[in-house]
Amino acid sequence: EYRAKELAAFLRVPADTCLERLQGGFGALHAAVTEDFNRANPQTDDELLQWYRTTDSYLWELTAYHSDPGFNYTGMIKGIVERLKGAGCVQNVLCLGDGTGDLTLAVQQAGMHATYHDLYGSRIANFALARMEMRGSKYSFTLTDSWEPGFDEDFMDAIVSLDFLEHVPNVEE
């Protein structure tokens with residue numbers, strides 16, 4: 001229900017409409033992403049980036065995925081945060097490709113400085129930043145307009161990335 005309220009505030013639609021859509025399940029929302037992607041049919045890297053910037057279907061799917069207890073995204077994040085805290089020397093964490101901002105928020109709650117990183121101008125990044133503002137979070141962020149991350153890693157103690165590399169067309173590069 002909390003995720004539905006966040007989406008409702010961001011999209012300016014009724015919360016019960018958002019809750020109903022999320023309760024349709026990850027499978028239905030994933031199918032909508034597939035349909036949206038196939039309709040857009042991006043052929044170049046720039047077209048793919050533009051699809052990620054403008055799609056609403058991915059926003060719904062990602063929100064459902066992160067809140068689905070079967071996927072245990074919250075548990076994964078908790079484990080990562082515990083490992084970072086256990087390292088003892090980690091204070092500055094870059095959350096690379098953090099989508100809806102769950103990792104960034106969890107790192108901040110654990111008392112470390114988190115920097116959110118994602119695609120400039122995307123609905124996902126705008127939603128994540130709105131979520132952080134809704135929670136009164138003092139956040140920092142870096143955004144990229146290409147496949148290049150475009151950040152200075154020298155000021156980071158750790159870089160964490162979940163569910164990101166599968167979106168990059170050429171991981172090796």
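**A helix and its surroundings**

Modeller: Leaving aside neighbours within four places in sequence, Glu 6 is in contact with Phe 127, Arg 131, Met 134 and Arg 135. Keep in mind, as we go through these contacts, that this is a predicted model.

Biologist: Which helix does Glu 6 lie in?
Modeller: Glu 6 belongs to helix H1, which covers residues 2-11.

Biologist: And is Glu 6 buried or exposed?
Modeller: Glu 6 counts as buried, because its relative accessible area is 2%, and buried here means under 20%.

Biologist: Which other residues of H1 are buried?
Modeller: Besides Glu 6, the buried residues in H1 are Arg 3, Ala 4, Leu 7, Ala 8 and Phe 10. What covers the buried residues of H1 includes helix H2 (15-23), helix H5 (57-67), helix H7 (102-109) and H8.

Biologist: What happens just after H1?
Modeller: Just after H1 comes Arg 12, which takes a positive phi of about 60°.

Biologist: Switching to the strands, how do E2 and E3 run?
Modeller: Strand E2 (residues 113-119) and strand E3 (residues 140-144) run parallel and are joined by 5 bridges. Within that pairing, His 117 stands opposite Thr 142 in E3.

Biologist: What do E2, H8 and E3 make?
Modeller: Together with helix H8 (residues 123-134), E2 and E3 make a right-handed β-α-β unit.

Conventions. Residues numbered from 1 in each chain as written. Predicted model: local features only at pLDDT ≥ 70, side-chain atom pairs only at ≥ 80, totals over all residues. Heavy atoms only, no water. Pairing = 2+ DSSP bridges. Helix = DSSP H or I, 4+ residues; strand = E, 2+ residues; numbered from the N terminus. Right-handed = clockwise from strand over helix to strand, strands pointing away. Buried < 20%, exposed > 50% of the residue type's maximum accessible area, 1.4 Å probe, protein only. Contact = heavy atoms within 4.5 Å.
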